[in-house]
Amino acid sequence: MKCGKIEQARVVFDGLGDRTIVSWTSIISGCAQNGQPMEALRIFTQMRRSNVLPDWIALVSIVRAYADVEDLEQGRSVHGLVIKMGLEKEPDLLISLTAFYAKCGLVTVARAFFDQMETPNLILWNAMISGYAKNGHAEEAVDLFRSMISQKIRTDYITVTSAISACAHVGSLELAKWMGNYISKTEFKGDIVVNTALIDMYAKCGSVSLAREVFDQTDNGDVVMWSAMIVGYGLHGKALEAIELYNVMKKARVAPNDVTFIGLLTACNHSGLLKEGWELFHHMQDYGIKPRHQHFACVVDLLGRAGQLDQAYNFILKMPIEPGVSIWGALLSACKIYRNISLGEYAAEKLFLLDPHNTGHYVQLSNLYASARLWDQVRRVRILMRERGLTKDLGYSLIEINGKLQAFRVGDKSHPRSKEIFEELERLERRLKEAGFVPHIDSVLHDLNYEEKEEMLCNHSERLAIAYGLISTPPHTTLRITKNLRACVNCHAATKFISKIEGREIVVRDANRFHHFKDGICSCGDYW
């Protein structure tokens with residue numbers, strides 16, 4: 001087993017007349033350690049049927065196997081057996097249980113085991129940091145990583161890539177710069193895997209230029225690193241830069257993969273480059289790459305945003321695979337832009353069948369009806385949502401000030417500086433009107449009068465975040481904002497005006513992409 005000869009080991013095991021706990025444990029552990037968790041679990045079941053009581057060594061491997069297949073229910077059963085046998089203090093079992101619960105998403109339980117260890121080893125630190133990073137607890141992952149390095153505990157590339165991923169999810173550029181600075185002083189600074197993670201982190205934290213710096217400083221990058229940089233350009237809507245890098249990539253004789261084309265198609269999609277996107281989609285076959293759902297969804301989105309709804313629908317009908325949620329969702333989104341009620345309703349019906357509990361689909365349909373002022377239909381969708389126990393996701397915006405993130409919701413008055421924020425909002429509204437800004441009242445999805453709509457638009461979460469940023473930073477400081485939902489048309493238009501009248505660059509990351517507002521212009525060219 002230690003030489004990886006699983007079949008030969010199995011022949012020897014099957015020939016044993018008297019199988020002791022040692023032989024059972026050897027075969028189970030060998031399978032678990034050689035990437036065959038299901039086989040390890042099958043043999044464990046045979047062992048239990050043979051009335052052989054497992055020891056702690058066997059249980060370590062079984063917990064590991066259940067972690068590999070992410071079977072929370074069965075893994076918990078083994079944990080129960082560990083407790084019944086009085087083995088819950090066994091150090092190796094504590095490590096396995098920590099890794100198991102962290103991988104299965106129960107990070108609070110995992111942390112309880114982690115804290116029981118007097119001197120956690122590297123495997124345990126990695127399991128905990130990775131578990132936090134992968135299960136929506138990015139800030140906890142970063143805090144634990146900081147604690148680890150402050151204790152001068154040696155890290156490996158698993159530790160740092162997990163921590164970099166967590167920084168990307170936090171979205172703070174200051175934190176990203178700190179992480180980049182830390183990596184530059186370690187032995188990982190030339191590692192392709194680590195640098196690829198840094199490229200992704202910088203792009204997701206709003207600085208595609210810093211991502212490109214890392215890319216340019218890395219020698220002999222592989223297709224994953226090239227693709228990460230192209231995807232980063234796509235996230236920021238820099239289609240021309242993405243295509244240029246793709247051409248350089250081909251000259252460097254690095255063959256693109258499916259992720260490369262997702263980045264390229266996304267970039268074209270966000271920039272309105274219909275012709276280029278269409279050609280790139282068909283170039284995939286030159287490299288033997290079969291399009292996946294994500295590629296098809298990008299093309300549907302590309303056609304839909306360009307107003308070619310009929311062509312997008314016909315493209316869906318001719319696809320060689322069954323269209324999924326992302327594809328019908330792209331079509332519904334395009335129908336909202338161009339107020340195509342009938343096709344939008346058809347796309348929504350498909351979405352309700354495929355993904356009936358996703359609130360976003362109902363909201364999209366409601367928005368489509370509201371844009372056409374079909375208020376009875378808006379109410380019908382809301383009633384349907386209530387009947388199905390669905391509630392709309394609450395929008396919020398985060399702004400980074402001096403490396404710290406502050407969150408705001410619509411009309412939020414909970415901030416300690418709330419009075420100043422709303423005074424700044426009023427000042428901004430006066431300046432916007434003086435500059436000729438006219439509110440897009442269609443962005444309010446309620447049947448209200450003009451004054452009520454205008455007031456609601458002023459209190460959107462990103463407007464509050466901008467106002468807070470303006471009163472909290474010196475003039476000309478760049479404001480960086482993250483929004484969990486897509487920005488509305490009104491806030492997008494208002495932010496362009498604000499960037500000009502205040503002389504600020506405002507970087508906003510919404511649910512789909514980055515918008516860089518400067519001198520009254522957005523990097524998306526209003527194509528979003």
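The size of an interface is often given as the accessible area lost when the parts come together. This is a predicted model: local features need pLDDT of at least 70, side-chain atom pairs count only at pLDDT 80 or more, and totals for chains, interfaces and linings use all residues. Residues are numbered from 1 along each chain as its sequence is written, and side-chain values use heavy atoms, leaving out hydrogens and water.

**Domain layout**

- The protein chain is divided into domain 1 (1–118), domain 2 (120–215) and domain 3 (396–522); these bounds come from an automatic or database domain assignment.
- Between domain 1 and domain 2, the C-alpha centres lie 30 Å apart.
- Domain 1 gives 13 residues to the contact and domain 2 gives 12 residues, where contact means heavy atoms within 4.5 Å.

**Across the interface of domain 1 and domain 2**

- The rule finds zero salt bridges here (a side-chain nitrogen of Lys or Arg within 4 Å of a carboxyl oxygen of Asp or Glu).
- Two residue pairs are in polar contact, both at pLDDT 80 or more. A polar contact is a pair of N or O atoms within 3.5 Å; within protein, one must be able to donate a hydrogen and the other to accept it, and residues adjacent in sequence count only if both atoms are side-chain atoms.
- On the side of domain 1 that touches domain 2, α6 (91–103) and α7 (107–116) are the elements that give two or more residues. Helices (H or I, at least four residues) and strands (E, at least two) are DSSP runs, numbered from the N terminus.
- The largest share of that side, six residues, comes from α6.

**A buried residue**

- A370 sits in helix α22 (residues 359–371).
- A370 has a relative accessible area of 5%, so it is buried (buried is under 20%, exposed over 50%, partly exposed in between; 1.4 Å probe, protein chains only).
- A370 and F215 are 155 residues apart along the chain, and their C-alpha atoms are separated by 45 Å.

**Two loop residues with positive phi**

- K152 is in the loop between α9 (138–150) and α10 (157–170). K152 is not a glycine, yet its phi is positive, about 60 degrees. Its relative accessibility is 75%, so K152 counts as exposed.
- N220 is in the loop between α13 (208–217) and α14 (223–235). N220 is not a glycine either, and has a positive phi of about 55 degrees. With a relative accessible area of 72%, N220 is exposed.
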